[in-house]
Amino acid sequence: MANCIFCKIIAGEIPASKVYEDEEILAFLDISQVTPGHTLVVPKKHFRNMLEMNSKAASQLFARIPDIARKVMKATGARGMNIINNNEEIAGQSVFHTHVHLAPRYTENDDLKLTFVAHEPNFPALAELAEKISKA
Ligand code: 5GP
Ligand code: ZN
């Protein structure tokens, strides 16, 4: 797609530090490296984000992730990894071509800040919401 930075990387029009490539998928180092080894895994076909993907394209993308993640872990010696996918601006998406972040973790005080604030469970509300989602 025109003006998509990741499509340009896939087409070889702009450089990237590639770590894995096959017919459907490309993985390359994120330019800003939140932690050393921060990698992006992208489908070669353009989709705005995961919310627009069909199950076949999503399967192809996710099928590659465990192997690529283990390669990054092995090469970096990281102690763990966050695997993250942002969808739409409100969720932190800034490049609108589906990508999955592999962020190796080395210490608790690195530059990746990810916080889940826990709330007291409201079981009737959970049941109502689950039913609404299952029927959507
Ligand atoms: P998002 O915020 O959409 O989840 O993540 C987009 C990521 O793409 C960011 O972490 C950003 O550093 C990375 N990025 C943006 N432009 C480029 C680029 O030209 N090359 C590479 N390798 N990464 C990029
Ligand atoms: Zn694209």
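1. In this predicted model, the largest nonpolar core comprises 14 residues, and those with the most contacts inside it are Val-41, Met-53, Leu-61, Ile-68, Val-100 and Leu-102. Strand S2 (25-29), helix H2 (55-76) and S5 each supply at least two residues of this core. Its largest share, six residues, is drawn from H2.

2. Beyond its neighbours within four places in sequence, Val-41 is in contact with residues including Ile-25, Leu-61, Ile-65, Ile-68, His-99, Val-100 and Leu-102. A second, separate core has nine residues, among them Cys-7, Leu-26, Phe-28 and Val-42.

3. The zinc ion (ligand 2) is coordinated at 2.1 to 2.3 Å by Cys-4 (SG), Cys-7 (SG), His-46 (ND1) and His-97 (ND1). The site is tetrahedral, with angles of 103 to 116° among its four donor atoms. For reference, the ideal angle for four tetrahedral donors is 109.5 degrees. The spacing of the donor residues in sequence is C-x2-C-x38-H-x50-H.

4. His-46 lies in the loop between strand S3 (39-43) and H2, and His-97 in the loop between S4 and S5, so this pair ties together parts that are 51 residues apart in sequence. His-97 is buried, at 0% relative accessibility, whereas His-46 is partly exposed, at 22%.

5. An unreviewed UniProt entry annotates His-99 as "active site". His-99 is placed in the loop between strand S4 (80-84) and strand S5 (100-105). Is this residue, His-99, buried or exposed? With a relative accessible area of 6%, His-99 counts as buried because that value falls under 20%. Leaving aside its neighbours within four places in sequence, the contacts of His-99 are Phe-6, Leu-40, Val-41, Val-42, Ile-84, Asn-85 and Gln-93.

6. The model contains eight salt bridges. Arg-64 takes part in one with Asp-22 (2.7 Å, N to O) and in one with Glu-24 (2.6 Å, N to O). Arg-64 lies in helix H2 and Glu-24 in the loop between S1 and S2, so their pairing ties together parts 40 residues apart in sequence.

7. Lys-135 is exposed, at 63% relative accessibility. Elsewhere, salt bridges with shared partners link Lys-18, Glu-21 and Lys-44 into one network.

Note on methods:
Residues numbered from 1 in each chain as written. Chains lettered and ligands numbered in written order. Predicted model: local features only at pLDDT ≥ 70, side-chain atom pairs only at ≥ 80, totals over all residues. Heavy atoms only, no water. UniProt positions renumbered as here; feature names shortened; annotations may be inferred. Helix = DSSP H or I, 4+ residues; strand = E, 2+ residues; numbered from the N terminus. Buried < 20%, exposed > 50% of the residue type's maximum accessible area, 1.4 Å probe, protein only. Contact = heavy atoms within 4.5 Å. Core = buried A, V, L, I, M, F, W, Y, C linked by side-chain atoms within 4.5 Å. Donors = N, O, S within 2.8 Å, 3.2 Å for Na, K, Ca; no water. Tetrahedral: all angles 85-135°; square planar, octahedral: opposite > 155°, others 65-115°. Salt bridge = Lys/Arg side-chain N within 4 Å of Asp/Glu carboxyl O.
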